[in-house]
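Here is my note on the model you asked about. Have it open next to you and follow along point by point.

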Amino acid sequence: MDLNLTDKVAFVTGASKGIGRQVTLRLAQEGCDVVITARGREGLEQAAAEIQAETGRKIIPLTGDMSRDTDVERCVRTAIGEFGRIDVLVTCAGSSPGGLLEELTEEQWMQSLNLKFLGYVRTVRAVVPHMVDEGSGSIVLVVGNDGLKPSFWEMTAGAANAADLNFASSIADQYGPKGVRVNTVNPGPVDTDRWDGLEKAFARDMGVDQAEARRRAEASIPLGRITRPDEVAALVAFLASDVAGSVHGAHVPIDGAQRKALMER
Ligand SMILES: NC(=O)c1ccc[n+]([C@@H]2O[C@H](COP(=O)([O-])OP(=O)(O)OC[C@H]3O[C@@H](n4cnc5c(N)ncnc54)[C@H](OP(=O)(O)O)[C@@H]3O)[C@@H](O)[C@H]2O)c1
């Protein structure tokens, strides 16, 4: 299927690895030039160089911490300076701490909300005026299925994700009439470094080994397997494209129908 994304400009946050990196690769394969952000320079520059070499598209790495307003604004300003517009925004920068209510600190709650919720708000706030000026744009927030289902061990992510879903619905309402589409993609477990870290931490907290933590995660998913990052990227690219031109304000799960709490006993 031709997604008709050739020569579009995309901005992807949290793109040095994991889902964001796969999204960048897929968008570049579809013909987009992509500005990517993350905090660590080395991994980001390496990802940009590799994807640019593989696809022949321009991939611009900009280091920045999406939990800081000034960094978000600087990165968006630089992207606009380079390309004059942003057609597609995909937010992936997130890392919410797992843990039990009795153990989670105030700081950990704030860390989750400040990056996974407010980081997404900041990025949309910086990009959307440029899309409105163009009269078009597509925003895809990579959120997570635990914004809708309970998980006693992932509650800082769940709360931030629930806030992201409501935020996305609100901006869909506000900016749809101005030509900007907004959708969310909601993965369950996806095989990335973040997932590996969560598996290890869950195993530690539950007193089981990592293989048992993974077995429990897989058992909570009717399809019985962890999603691959490239599967998430394909869905993001579809929603970002005009092929999905009537899909707006949607919250799309990609989780093998996982509806139970993660790794429940
Ligand atoms: N993997 C899953 O099972 C899963 C499931 C549901 C939802 N999600 C969501 O999907 C998104 C991506 O997850 P992932 O698994 O791909 O994570 P990942 O493999 O840990 O990659 C996270 C990316 O975000 C960047 N990042 C982290 N903190 C940042 C910050 N403060 N500012 C800018 N960039 C930052 C990281 O680079 P630096 O560290 O160098 O900054 C990295 O490039 C997250 O929002 C996550 O909550 C993941």
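The points below go from the overall layout to single residues.

1. Ground rules. This is a predicted model, in which local features need pLDDT of at least 70 and side-chain atom pairs count only at pLDDT 80 or more, while totals for chains, interfaces and linings use all residues. Residues are numbered from 1 along each chain as its sequence is written.

2. Two domains. The chain splits into domain 1 (9-188 + 229-251) and domain 2 (191-226), with bounds that come from an automatic or database domain assignment. Taken over C-alpha atoms, the centres of domain 1 and domain 2 are 24 Å apart. Each side brings the following to the contact: 9 residues from domain 1 and 9 residues from domain 2. Here two residues are in contact if their C-beta atoms, placed from the backbone, lie within 7 Å. On the side of domain 1 that touches domain 2, you'll find 4 nonpolar, 4 polar and 1 charged residues. For those labels, Ala, Val, Leu, Ile, Met, Phe, Trp, Tyr, Cys and Pro count as nonpolar, Asp, Glu, Lys and Arg as charged, and the others, Gly among them, as polar.

3. Helices (H or I, at least four residues) and strands (E, at least two) are DSSP runs, numbered from the N terminus.

4. The core. The largest nonpolar core has 70 residues, and Leu27, Val90 and Val236 touch the most other members. Helix 4 gives the most to this core, with 9 residues. Domain 1 and domain 2 both give residues to this core, so it lies between them. By a nonpolar core I mean a set of buried Ala, Val, Leu, Ile, Met, Phe, Trp, Tyr and Cys residues joined through C-beta atoms within 7 Å. A residue is buried if 20 or more other C-beta atoms lie within 10 Å of its own, exposed if 12 or fewer, and partly exposed in between, with C-beta atoms placed from the backbone. Leaving out residues up to four places away in sequence, Val90 touches Ala10, Val12, Val23, Val140, Val142, Val236 and Ala240.

5. Helix 1. This one is mostly covered, with 11 of its 12 residues buried. Among the buried ones are Gly18, Arg21, Val23 and Leu27. After helix 1 comes Gly31, with a positive phi near 110 degrees.

6. Ser16. Look for it in the loop between strand 1 (9-13) and helix 1. Is Ser16 buried or exposed? Ser16 is buried, because 23 other C-beta atoms are within 10 Å. Neighbours within four places in sequence aside, Ser16 is in contact with Arg21, Ala38, Gly40, Gly43, Leu44 and Ala47.

7. Val243 and Asn4. Val243 sits in the loop between helix 8 (229-240) and strand 7 (251-254), and counts as partly exposed because it has 15 C-beta neighbours inside 10 Å. Not counting residues up to four places away in sequence, Val243 touches Met1, Leu3, Asn4 and Phe238. Asn4 lies in the segment before strand 1 and has a positive phi near 60 degrees, in a residue other than glycine. Asn4 counts as exposed, with 12 C-beta neighbours inside 10 Å.

8. Ala257. Its place is in the segment after strand 7. Ala257 has a positive phi of about 65 degrees although it is not a glycine. With 11 C-beta neighbours inside 10 Å, Ala257 counts as exposed.
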